[in-house]
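Here are my notes on the model you sent. Please read them with the structure open.

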Amino acid sequence: MQYRKDKYGNDLSMLGYGCMRFTKKGNAIDIDKAEKEIMAAYKAGVNYYDTAYIYPGSEAALGEILERNAIRDKVNIATKLPQYLIRNAKAIEKYFSEELMRLRTDYVDYYLMHHLTDVDMWEKLKSVGIIDWIKEKKKSGKIRNIGFSYHGNTDNFITILNDFDWDFCQVQYNYLDEVTQAGVKGVKAAAEKGIPVVIMEPLRGGKLVNMLPDKAKKLFKEDSHGWTPAEWAFRWLYNQPEVTVVLSGMNSLEMVEENVKTASDMRPGTFSEKDFQLLEEVKKAIKEKEKVGCTGCRYCMPCPKGVDIPGTFACYNTMYTENKSAGRFQFAQTVGLTKEPAFATQCVGCGKCEQHCPQNIPIREKLKEADKALRPITYKVGINIARKFMFRKKKGKA
């Protein structure tokens, strides 16, 4: 196993164990199976274990396994504050105390503000005293490192990144999400500040393995490296020195073995031009089903009316490269639930975006098409209800 440094020079295994996808036995986690898999990873050198308050049974299972094997002080636990449930300072302490109890520990190595999608979520936490709470917990040693996990656009990510003295951050990032969510720009911005980056969804929830088109599978199979699709995705990430830890939701010993081998073999900066070219061909094969040829270059931005043009198109394309529900869920996270509305219906047809588009996309026409697909009436109602709940009142017409 190879290691990269955190902000304070501590070694973190390049492969982290994502504890959201433990195998279930009935309605509960199969604790014995999970224990075998976690211990196999531990013995192979994995020292970073990621869970969260809302992963059903995950914190308790991890705590039990670490206690059973007396290895709590030999690994790093990362878990998360459910910020979307927080209404006051008492709630922060309540959830954190419950997490410590579940994890059978008196401290957390890496603690995250979970699932920030907009600057306003961070501002809300600040308004109920989160900064003083963090300072107290770090001073007492109950939290060793503080960070945030993020789903949203690049600009909001960088704003949050620069607003506090973070110890680390966690983002969705893979070869298909290079210019969406925090994206490569966000990953590099964090690294430039010396902030370690933990990667989630390196395989897009398994879609970069299980939902690849036949053409992409053929490209991988015929390549002389002999790497699996999962290996390609991990190696692309490990090639980047800005990436600290890559999480994998491993639920088989075979997964553990393969991912450990990849994390042990790959060195940063060793991808060849041929390797990058093959991945470009794979992405092209995946994107053949896309509805809009948007590359995410953002030349069309900023929209004078606040429409998130590339974000909308990325979600629309996901509906056809993956499935409809995945695209709509991505839309809710990255566009629909930002504080300032960014909906296509805000477009007034000025056409400025089209003047700057290198791909000559008929943006105004495609925005209407995308909005209709992404927000059928049930989703439109659901997003509006969620916005009212999150932001107290709906701003702008959606």
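The points below cover the basis of the model, its pockets, its salt bridges and a surface patch.

1. This is a predicted model: local features need pLDDT of at least 70, side-chain atom pairs count only at pLDDT 80 or more, and totals for chains, interfaces and linings use all residues. Residues are numbered from 1 along each chain as its sequence is written, and side-chain values use heavy atoms, with hydrogens and water left out.

2. The largest pocket has a volume of about 990 Å³. Its lining has 42 residues, with Met20, Arg21, Glu201, Arg204 and Gly205 nearest the centre. Among the elements that give two or more residues to this lining are β8 (108-116), α10 (229-238) and α14 (324-336); α14 provides the largest share, five residues. A pocket here is an open set of points on a 1 Å grid over the protein atoms alone, where a 1.4 Å probe fits, with protein on both sides within 12 Å along at least five of seven lines; lining residues have an atom within 4 Å of a point. Volume is the space filled by probe spheres set on the points. Helices (H or I, at least four residues) and strands (E, at least two) are DSSP runs, numbered from the N terminus.

3. The second largest pocket has a volume of about 460 Å³. Of its 31 lining residues, Leu176, Val179, Thr180, Pro310 and Ala314 are closest to the centre. Helix α13 (309-321) is one of the elements that give two or more residues to this lining, and its eight residues are the largest share.

4. The whole structure holds 34 salt bridges (a side-chain nitrogen of Lys or Arg within 4 Å of a carboxyl oxygen of Asp or Glu). One of them joins Arg68 and Glu35 at 2.5 Å, N to O. Arg68 is in helix α2 (residues 58-68) and Glu35 in helix α1 (residues 31-43), so this pair ties together parts 33 residues apart in sequence. Arg68 and Glu35 also belong to a salt-bridge network with Asp32, Glu64, Glu67 and Arg104.

5. Arg72 pairs with Asp109, with the closest N and O atoms 2.9 Å apart. Both residues are buried (under 20% relative accessible area, where exposed is over 50% and partly exposed in between; 1.4 Å probe, protein chains only). In the salt bridge between Asp73 and Lys74, at 3.7 Å, N to O, Asp73 is exposed at 60% and Lys74 partly exposed at 49%.

6. Ile377, in helix α17 (residues 377-391), is exposed at 61% relative accessibility.
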